[in-house]
Amino acid sequence: HLLPVLTVDADGKIAKLKTGFTAVLARRKMMKVALRLVKQYSKVSIWIGHLGMESVAQNFAKQLQRYSTCVVEIVPVTAIIAAHTGPVVGITILGEP
């Protein structure tokens, strides 16, 4: 089944950004988008939320820290979200030009 990579726009609306055929491909696409965003901003704040995917979150943090001097925070998400999604990982990037 297809796995969506989602985004949230400035109005708070969720939209599908990309789609992966496997979890690995979906995470790879998510990282490509995250790296593009990190590189385009001069100052960024990054949070990686996860439930049951600590090693993936740590890997994402290492990759993102190669391209940014900011601190990447890894935070757990609540089990309520996981009840709807299963194990999950997401990246939040706030950037300033």
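**Exercise 1. State the accessible surface of the chain and the share that belongs to carbon and sulfur atoms.**

Solution. The accessible surface of the chain comes to about 6,700 Å². Of this surface, 58% belongs to carbon and sulfur atoms. Accessible areas come from the Shrake-Rupley method with a 1.4 Å probe, and for residues only the protein chains shown count as cover.

The model is predicted: local features need pLDDT of at least 70, side-chain atom pairs count only at pLDDT 80 or more, and totals for chains, interfaces and linings use all residues. Residues are numbered from 1 along each chain as its sequence is written, and side-chain values use heavy atoms, with hydrogens and water left out.

**Exercise 2. List the helices and strands of the chain in order, then describe its overall dimensions.**

Solution. Step 1: count the elements. The chain has three helices and five strands. Helices (H or I, at least four residues) and strands (E, at least two) are DSSP runs, numbered from the N terminus.

Step 1: From the N terminus on, the elements run β-β-α-β-α-β-α-β.

Step 2: The C-alpha trace spans about 35 × 25 × 25 Å along its principal axes.

**Exercise 3. Find the share of buried residues, the share of contacts that join residues at least 24 apart, and the separation of the charges.**

Solution. Step 1: of the 97 residues, 28% count as buried. Buried means under 20% relative accessible area, exposed over 50%, and partly exposed in between (1.4 Å probe, protein chains only).

Step 1: take the contacts between residues at least 6 apart in sequence; 63% of them join residues at least 24 apart. A contact means heavy atoms within 4.5 Å.

Step 2: the mean positions of the 12 positive and 5 negative charges are 14 Å apart. Lys and Arg count as positive and Asp and Glu as negative, while His and the chain ends are not counted. The place of a charge is NZ of Lys, CZ of Arg, CG of Asp or CD of Glu.

**Exercise 4. Is His50 buried or exposed, and which side chain does its own side chain contact?**

Solution. Step 1: His50 lies in strand E3, residues 43-51. Step 2: its relative accessible area is 8%, so His50 is buried.

Step 1: the side chain of His50 makes a polar contact with the side chain of Glu54 at 3.2 Å. A polar contact is a pair of N or O atoms within 3.5 Å; within protein, one must be able to donate a hydrogen and the other to accept it, and residues adjacent in sequence count only if both atoms are side-chain atoms.

Step 2: leaving out residues up to four places away in sequence, His50 touches Ala57, Ile74, Val75, Pro76, Val77, Val88 and Val89.

**Exercise 5. Describe Leu51 and its surroundings.**

Solution. Step 1: Leu51 is in strand E3. Step 2: Leu51 has 25% relative accessibility, so it counts as partly exposed. Step 3: beyond four places in sequence, the contacts of Leu51 include Thr78, Ala79 and Pro87. Step 4: Leu51 and Thr78 are 27 residues apart along the chain, and their C-alpha atoms are separated by 7.3 Å.

**Exercise 6. Which backbone nitrogen does the side chain of Asp9 reach, and which one lies 3.2 Å from the side chain of Ser68?**

Solution. Step 1: Asp9 is in the loop between strand E1 (3-8) and strand E2 (14-20). Asp9 counts as partly exposed, at 38% relative accessibility. Its side chain reaches the backbone nitrogen of Lys13 at 2.9 Å.

Step 1: Ser68 is in the loop between helix H2 (54-65) and strand E4 (72-76). Ser68 is buried, with a relative accessible area of 15%. A polar atom of its side chain lies 3.2 Å from the backbone nitrogen of Cys70.
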